[in-house]
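I'm opening my notebook on a new structure today. My plan is to look things up one at a time and jot down what I find.

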Amino acid sequence: ISQMDLDSLPESLRGCVNITKLRIVHTEIDTIQSWIGVFSNLVDLSIYDSHVSEIPASIGELSELRNLELFRSGIQHIPEEISKLSKLEYLKIATNPLDTLYPSWNKLRELRRLDLAVLGLSDFPDFILSLENLEYLRIDDNNIQSLPDSIIKLESLKEICAPGNNFSDSEQVRIRALLPNVHVPFSIEEI
């Protein structure tokens, strides 16, 4: 659904239960109805450059979902039920004025890529430290000043993209020493 003059998902879409990919892009849609949970075969859901402010709790019913992109849409609330998405491998929630990141998101054990860029974070979210399969993490353009020592537990981690934060020079040195096999760019030039 792209560049359509709609304010919500068309009711006719509700009957398409075998849908595997849904993209809501460049639209005036501001409401995602709770019936989105009927798409039990959905593997890929993208909502960006739209006017959606809240994602319904029924998103937790999308048991086959592997890729979830929710960015640049003014989303203020993503429900805790996202933690039920046990097959999720990629989560992008960047550039939204989110109110909460839930500790229960630590249940997203299959997550390999996580994008938390431009969320106004001042602290490193603790739930990330339980994501044992995480390979790529974007935390750029936030207000984070340090990473916890326990980040070394993330043995699959290959890259932390971190430009645009408030890491001091000594913190950058500490992080690079702590994670010698992880690419950690602290500036755009290092990417």
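**Entry 1: the model**
Before anything else, I noted that this is a predicted model.

Seven of them form an open sheet, in the order 1-2-3-4-5-6-7, and the pairing is parallel.

**Entry 2: strand 2**
Next I zoomed in on strand 2. On one side, strand 1 (residues 21-25) pairs with strand 2 in the parallel sense, and I noted five bridges. Strand 3 (residues 67-71) also runs parallel to strand 2, again with five bridges.

Ser46 makes a handy landmark here. Ser46 is the bridge partner of Arg23, and Ser46 also stands opposite Glu69 in strand 3.

How many residues of strand 2 are buried? I found five of the five in residues 44-48, so strand 2 is largely enclosed by the rest of the structure. I then checked which way they point: Asp44, Ser46 and Tyr48 go one way, Leu45 and Ile47 go the other way, and all are buried.

**Entry 3: aromatic pairs**
I moved on to the rings. A pair of aromatic rings is described by the distance of the centres and the angle of the planes. My structure holds five aromatic pairs. For Tyr48 and Phe71, the ring centres are 4.6 Å apart and the planes are at 15 degrees, so I wrote this pair down as stacked. Tyr48 belongs to strand 2 and Phe71 to strand 3, so the pair ties together parts that are 23 residues apart in sequence. Tyr48 and Phe71 are both buried.

Then I looked at Phe167 and Phe186. Their ring centres are 5.2 Å apart with the planes at 70 degrees, so this pair goes down as edge-to-face. The pair links distant parts of the chain, 19 residues apart: Phe167 is in the loop between strand 7 (159-161) and helix 1 (169-178), while Phe186 is in the segment after helix 1. Phe167 and Phe186 are both buried.

Tyr102, Trp105 and Phe127 form one aromatic cluster. Back at Phe71, I found the charged end of Lys92 sitting over the ring, 4.0 Å from its centre.

**Entry 4: Leu111 and Asn106**
Now for some loop residues. Leu111 lies in the loop between strand 4 (90-92) and strand 5 (113-115), and Asn106 is found in the loop between strand 4 and strand 5.

Is Leu111 buried or exposed? Its relative accessibility is 0%, so Leu111 counts as buried. Asn106 comes out at 23%, so I put it down as partly exposed; the cut-off for buried is under 20%.

I also checked what sits around Leu111. Its C-alpha atom is 7.8 Å from that of Lys87, although Leu111 and Lys87 are 24 residues apart along the chain. Skipping neighbours within four places in sequence, Leu111 is in contact with Leu88, Glu89, Tyr90, Leu91, Leu131, Asn133 and Leu134.

For Asn106, I looked up Ile128: the two are 22 residues apart along the chain, and their C-alpha atoms are separated by 6.3 Å. With neighbours within four places left aside, the contacts of Asn106 are Phe127, Ser130 and Leu131.

**Entry 5: Asp140**
My last stop was Asp140, which is in the loop between strand 6 (136-138) and strand 7. With a relative accessible area of 6%, Asp140 is buried.

Which side chain does the side chain of Asp140 make a polar contact with? I found Arg138, at 2.5 Å. Not counting residues up to four places away in sequence, Asp140 touches Ala117, Val118, Cys161, Ala162, Pro163 and Asn165.

Terms used:
Residues are numbered from 1 along each chain as its sequence is written. This is a predicted model: local features need pLDDT of at least 70, side-chain atom pairs count only at pLDDT 80 or more; totals for chains, interfaces and linings use all residues. Side-chain values use heavy atoms; hydrogens and water are left out. Buried means under 20% relative accessible area, exposed over 50%, partly exposed in between (1.4 Å probe, protein chains only). Helices (H or I, at least four residues) and strands (E, at least two) are DSSP runs, numbered from the N terminus. Two strands pair if DSSP finds at least two bridges between them. Contact means heavy atoms within 4.5 Å. Rings of Phe, Tyr and Trp (its six-membered ring) pair if their centres lie within 6.5 Å; planes under 30 degrees apart count as stacked, over 60 as edge-to-face and the rest as tilted. A charge sits over a ring if NZ of Lys or CZ of Arg is within 6 Å of the ring centre and within 35 degrees of the ring normal. A polar contact is a pair of N or O atoms within 3.5 Å; within protein, one must be able to donate a hydrogen and the other to accept it, and residues adjacent in sequence count only if both atoms are side-chain atoms.
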